[in-house]
Amino acid sequence: MQLTSEQKRILDGAEGPLLQECMASLIKCGEALGAADFVPVTSVHTSILNLPYLANCFGPRGRELTEADVRVLRERLSKQRVPVRTTTNPGMMDLEQWRLTGSDDTARQTVQEALDTARQCGILTTFSCIPYLTDNIPALGEHCAWAETSAVMYANSFLGARTNRESYETSIYSALLGITPNYGMHLTENRRGTDLVDVRVPVRTTREWGMMGYYAGGVLGLGIPVFRNLTRPSMEDAKQFCSAINVSAGMSMVHIAGVTPEAPTEEAAFGGNAPRRVCVYDEAARRSVEEQLNRDPHGKVDMVYFGCPHATLYELKELARLLEGRHAAPDTKLWVMTTGSIKAAADRLGYGDVIRAAGGELISDGCLNIFYNYGTATRPKIDRIATNSVKQSFSVQRAFGSKTVFAEPEICVEIAVEGGY
Ligand code: F3S
């Protein structure tokens, strides 16, 4: 890769071993992916689960990580400052309500240490999977290095920002260096549409946007689909769509003519490419998604779950409206996930109280997936779960073997009140 004199200096260790390691690792990634050089970034979205997890990015090569390695890393990080806006993906617990989700004090301490270290570095520990709606909102053409597949999709497709699907490690390196390998989504020629999705049924609700994305992702897998026959989505529709499409695919971008900043028309979206494949989303396709995401849905429901991706303030307002004066059945948990800043706003506006008065819990900074697949928290009984989220329905089926009801929020609320479906 072509390096600037400053990048060479860092590679030679002039800025210390931590940045030297970041530079050497990013060069290896860039070379493997065909990048000619680096591009400066203005925004990073990364992940800090706990200190050992963080230390693995810089860990000893060829031997197990030790406590001494973690200590050294902490010392080095505490002297470093990230040069660009950097936010974090959901973590392993809500530090204010960690007992609620089955965490223990030892785990809490390791998370707290990571959080303290990250803050010292200047990282905004937002623990949010929707940075693009709250604290990290890049504009058209901004180069970013983001981890979190749904956020990458939103940034490229709805903001016109430019980011590849970064790993946890590469995003940390980019946060510390302020650069990323210049390939993939950073280059205009790689952002053109490759396939067509012909939508032949109305897509009316946020859940339906998710269903359509999930179907198209499953059929196409890779590429940059251009969607035809869609109206403008709300930010909640777009959020659900971006998370659902990558449940079944490995994509970084889509085009919706008139919505994607770089695609005023379908012709502009393709940029001279002829579509390689055509995916038709029709009534049969829609039914097949319903069948996949509802698994043995009838019977007692242990948990009703909202907030994947994290709920917006508007979604919490709507949920509070549905829950006002109602109460969840005694053996059915009602969990709602959001970010810390949205939770604070929801509490101030009274929506949090309505949710809690209905027997629900408003939880921030994490989600089921991360609490129980990455953390050590004890998972509550979730034999059957009801949710309006494609990603959550899919992942609890796979990760926990749960039965699922995949339904609109109104129906999920009725299920919470009745305790079953
Ligand atoms: Fe966000 Fe967790 Fe869902 S990271 S997209 S709430 S699985």
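Predicted model: local features only at pLDDT ≥ 70, side-chain atom pairs only at ≥ 80, totals over all residues.
Where does it sit? The ligand sits in the largest pocket. Around the ligand we find Pro 90, Cys 129, Glu 148, Gly 307, Cys 308, Pro 309, Cys 367, Asn 369, Lys 391 and Gln 392. Two elements give two or more residues to that shell: strand S10, residues 303-311, and helix H16, residues 390-400. S10 has the largest share, three residues. By type, the shell splits into five nonpolar, three polar and two charged residues.

The largest pocket holds about 570 Å³ of space. It has 29 lining residues, and those closest to the centre are Asn 89, Glu 148, Asn 369, Ile 370 and Lys 391. Glu 148, Asn 369 and Lys 391 are also among the residues around the ligand. Which elements build the lining? At least two residues each come from helix H6 (149-159), S10, helix H15 (368-373) and H16. S10 again has the largest share, here four residues. The lining divides into 12 nonpolar, 14 polar and three charged residues.

Stay with S10 for a moment. Pro 309 is in this strand. The peptide bond from Cys 308 to Pro 309 is cis, and omega is near -10 degrees. Most peptide bonds are trans. Cys 308 and Pro 309 both belong to the set around the ligand. Keep that cis bond in mind when you look at the site.

Next, H16. Why call H16 largely enclosed by the rest of the structure? Because eight of its 11 residues are buried. The buried ones are Val 390, Gln 392, Ser 393, Phe 394, Ser 395, Val 396, Gln 397 and Phe 400. Gln 392 is also one of the residues around the ligand. At the N-terminal end, Ser 389 caps the helix, with a side-chain oxygen 3.3 Å from the backbone nitrogen of Lys 391. Just past the helix, Gly 401 has a positive phi of about 70 degrees.

On to the second largest pocket. Its space comes to about 470 Å³. Of its 25 lining residues, Thr 206, Glu 315, Glu 318, Asn 388 and Pro 409 are closest to the centre. H12 gives the most, seven residues. This lining has 10 nonpolar, seven polar and eight charged residues. For the largest pocket, the charged count was three.

How many cavities of 30 Å³ or more does the structure hold? One. The largest cavity has about 60 Å³ of space. Its lining is Ile 48, Leu 54, Phe 58, Leu 77, Val 82, Ala 118, Cys 121, Ile 123, Ile 172, Ala 175 and Leu 176. What types are these residues? The lining has 11 nonpolar, no polar and no charged residues. Helix H7 gives the most, three residues.

H7 spans residues 168-177, and Tyr 168 lies in it. Tyr 168 counts as buried, because its relative accessibility is 10%, and the cut-off is under 20%. Tyr 168 and Lys 28 are 140 residues apart along the chain, with their C-alpha atoms separated by 15 Å.

A quick stop at His 255. This residue is in strand S8, residues 255-256. His 255 is buried, at 1% relative accessible area. Its side chain reaches the backbone oxygen of Arg 191 at 2.7 Å.

Last, phi angles. Most residues other than glycine have a negative phi. Two exceptions here. Asn 229 is not a glycine, yet has a positive phi of about 75 degrees. Asp 365 is also a residue other than glycine, with phi near 80 degrees. Asp 365 is buried, at 14%. Asn 229 is between strand S7 (225-228) and H9. Asp 365 is between strand S12 (360-364) and H15.

Key:
Residues numbered from 1 in each chain as written. Heavy atoms only, no water. Near = heavy atom within 4 Å. 1 Å grid on protein atoms, 1.4 Å probe; cavity = no way out; pocket = protein on both sides within 12 Å on 5 of 7 lines; lining within 4 Å. Sits in = over half its atoms within 2 Å of the grid points. Nonpolar A, V, L, I, M, F, W, Y, C, P; charged D, E, K, R; others polar. Buried < 20%, exposed > 50% of the residue type's maximum accessible area, 1.4 Å probe, protein only. Polar contact = N/O pair within 3.5 Å; in protein donor to acceptor, adjacent residues only side chain to side chain. Points joined across faces, edges and corners; volume = space filled by probe spheres on them.
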